[in-house]
Amino acid sequence: MFDRYEAGEQAVLVHIYFSQEKDTEDLREFESLVSSAGVEALQVITGNRKAPHPKYFVGEGKAEEIAQAVHATEASVVLFDHALTPAQERNLERLCQCRVIDRTGLILDIFAQRARTHEGKLQVELAQLRHLATRLVRGWTHLERQKGGIGLRGPGETQLETDRRLLRDRIRQILSRLERVEKQREQGRRARTRADVPTVSLVGYTNAGKSTLFNQITQAQVYAADQLFATLDPTLRRIEVADVGDTVLADTVGFIRHLPHDLVAAFKATLQETRQASLLLHVIDASDARIDENIAAVNTVLAEIEADEIPVLLIMNKIDMLDEFEPRIDRNDENRPVRVWLSAQTGAGIDLLFQALTERLSGEIAHYTLRLPPQAGRLRSRFYQLQAIEKEWAEEDGSIGLLVRLPVVDWRRLCKQELDLTSFIV
C-alpha cells in the first residue's frame, strides 16, 4: 500500500536548478538523504529550468534522458529532490517503467526506518497516510470504475472509494491514539510546571550534533550517528544545573529545508516539548558552510509550530572541526550569554554551557540569614535537599543559624508550602 522500497535498492537521482546560481550544497544534502535511506545512487541527473513542467516536472527531453538512464543502469527507483504532484509521479512512472519517489516520500521512508517507539511509528504512519491519500488512484487503475456482470457486482463502491474510506478511518484511529499520547505528555508537563522544573529543549538542523551533545550532558546512550535524521523519537532526561536545581533536557527530531508539512503536523505531539520549553538550545554545526541558511530553516519550522517566542541560546557545535578554535561564551550588551562555542564530540566547552544555563535559567538568586527554632528541623532538612545552605551554626538559645542561597523561585515555593519564612529572617 505504501511506496516503500527496501533498503539496499539502487536509484537514479534527479536534481533540477531553478536559479542561475547552481547551489551544489542542496544536491549534496539530497545525496546524504538518499544515503541515510540506505539506497545506492547509480547516477545523478541534473538540469536547469525556469519553472516546473506540468506533465513531467522536468522537460520532455530530460524525462526521456531519465528513462534511458533507468534502462541503462537497471535502477529500480527514481528519486526526485523536489515535491512532485501525483499526476507528475504517474506520468514519470509510465515513462520510466519503475517507481518514482519525490523528496517528501524519501523523507517519510527514512522516518519509517528510524521510528522506534509506538508513538513515533504512529506519527510516521499518519504522515504516510496523508501523503498517500492523494496518490491512491495509481495502485488501482484496473478497478477505477464499477463493472457489471456475473461476479463483478459490488457494494456500489469502486475499489478506489473503498480504499479512501478505509484510509480516512485509519487516519481517525491514529489521530485518536496520538491525542491520548499528547494528553499523557501534557500531564507530565503540568507536573513539572507545578514543581517549577524548567525544560530545556535541543533544536537544530538535522545532523548538527544534538544527540551527541545530549549524550555528553546526560551520559545517556541515545543513538547518535553522522547521518540525517538519526534521532526521531524524543528523549527526556533530568540534569542538575547549579543555582537552578533539577532541569529536564529534551532531545528532539532535527529540522531540514523544505520539511514536508505533513511531517510537521504529524509530529505535533513530539514538538510540543519544544513549544512548552523554558529555553531552547539551538545547536548549530559551526563547520557547515551554510550556517545562515540552516539557522533560517530552523527558525521557519519554529515559527510554524509557534515556538519562535521562546528564549534561545545558540550552541555553536563542532569547533573541533575548525582550526585552533577555543571554547567561549559570547554575551550581549546586558552581559547575558547568547552563544556558546563548544565540541559535543570531545566535550570541550561543556562546562561553559552549564555556566550559561545557570545564568539563563536561574534568574534572581535569594540570599538570607535565618534563625530557626529547634522544632523547625523539617524546614532545615528542606534547605539541605535544595543544597541551599552555605553556612550553619548553633545559637546560645538552642536555635540554628543558617546562611542560605537559592533561586527566588525555590524561595517562593517554600514560602507557599511552609509557614511564612520571613519571620525567620534575621
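Is Gln 97 buried or exposed? Gln 97 is exposed, with a relative accessible area of 68%. Keep in mind that this is a predicted model.

- Most residues other than glycine have a negative phi.
- Gln 97 isn't a glycine, yet its phi is positive, at about 60°. You'll find Gln 97 in the loop between α3 (86-96) and β4 (99-101).
- Asn 335 isn't a glycine either, and it has a positive phi of about 70°. Look for Asn 335 in the loop that runs between β10 (328-331) and β11 (337-341).

**Salt bridges**

- Side chains of opposite charge can pair when their charged atoms come close.
- The count here comes to 13 salt bridges.
- Arg 99 pairs up with Glu 9, with the closest N and O atoms 3.2 Å apart. Arg 99 sits in strand β4 and Glu 9 in the segment before β1 (10-17), so this pair ties together parts that are 90 residues apart in sequence. Arg 99 is partly exposed at 27%, while Glu 9 counts as buried at 14%.
- Lys 62 and Glu 65 form a salt bridge too, at 3.2 Å from N to O. Both belong to helix α2 (residues 60-73), where being 3 residues apart separates them by about one helical turn.
- Arg 331 bridges to Glu 359, with the closest N and O atoms 2.8 Å apart. That pair links distant parts of the chain, strand β10 and helix α11 (residues 350-362), 28 residues apart.

Definitions and conventions: Residues numbered from 1 in each chain as written. Predicted model: local features only at pLDDT ≥ 70, side-chain atom pairs only at ≥ 80, totals over all residues. Heavy atoms only, no water. Helix = DSSP H or I, 4+ residues; strand = E, 2+ residues; numbered from the N terminus. Buried < 20%, exposed > 50% of the residue type's maximum accessible area, 1.4 Å probe, protein only. Salt bridge = Lys/Arg side-chain N within 4 Å of Asp/Glu carboxyl O.
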